[in-house]
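Hi everyone, thanks for coming. Let me put the structure up, and then I'll walk you through a few spots.

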Amino acid sequence: AWYVSLRSSSVDVHRFFYRRKKNSIDRLLLDYESPDVIQRFFPGAWGGNDRDGRPIYVLRIGDIDVRGLMKALQEDGWIRHVIFFSSIRQAWRKIR
């Protein structure tokens, strides 16, 4: 059997919305600009769409200096960048 505590679920939902508001996730697609370090050392670009119309992001894996990027960019910068990409995917799903 699976037990769910209403109190802990309520706390989890509260934390979720608190983090969303604190990090301005709802405005991310409108306001976000990739940090300069990512633009220079994380080579990739939008490469069109697949057969279903989904956007494709092409990475040149061999040219990425992961260790250098991790040293130059704080964890918060990476998290915002990943959230930005996932927001693009969610926005695409809503459009479709």
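**A helix face and a hairpin**

Let's start at Val13, which has 46% relative accessibility and so counts as partly exposed (between buried, under 20%, and exposed, over 50%, with a 1.4 Å probe and protein chains only). Before I go on: this is a predicted model, where local features need pLDDT of at least 70 and side-chain atom pairs pLDDT 80 or more, while totals for chains, interfaces and linings use all residues. Residues are numbered from 1 along each chain as its sequence is written, and side-chain values use heavy atoms, leaving out hydrogens and water.

Val13 sits in helix H1, a DSSP run of H or I with at least four residues, numbered from the N terminus. H1 covers residues 6–22, and after it comes Ser24 with a positive phi near 55 degrees.

Phe16 is partly exposed too, because its relative accessibility is 42%. What about aromatic pairs, meaning Phe, Tyr or Trp rings (six-membered for Trp) with centres within 6.5 Å? There are two in the structure. In the pair of Phe16 and Phe17, the ring centres are 5.0 Å apart and the planes meet at 75 degrees, so this one is edge-to-face (over 60 degrees; under 30 is stacked, the rest tilted).

Now the strands, which are DSSP runs of E, at least two residues long. S1 (residues 44–49) and S2 (residues 55–59) run antiparallel, joined by four bridges; pairing takes at least two DSSP bridges. Gly44 has Leu59 of S2 as its bridge partner. Five residues lie between the strands of this hairpin, and Gly53 has a positive phi near 90 degrees.

Note on methods:
The expected span of a helix is 1.5 Å times one less than its number of residues.
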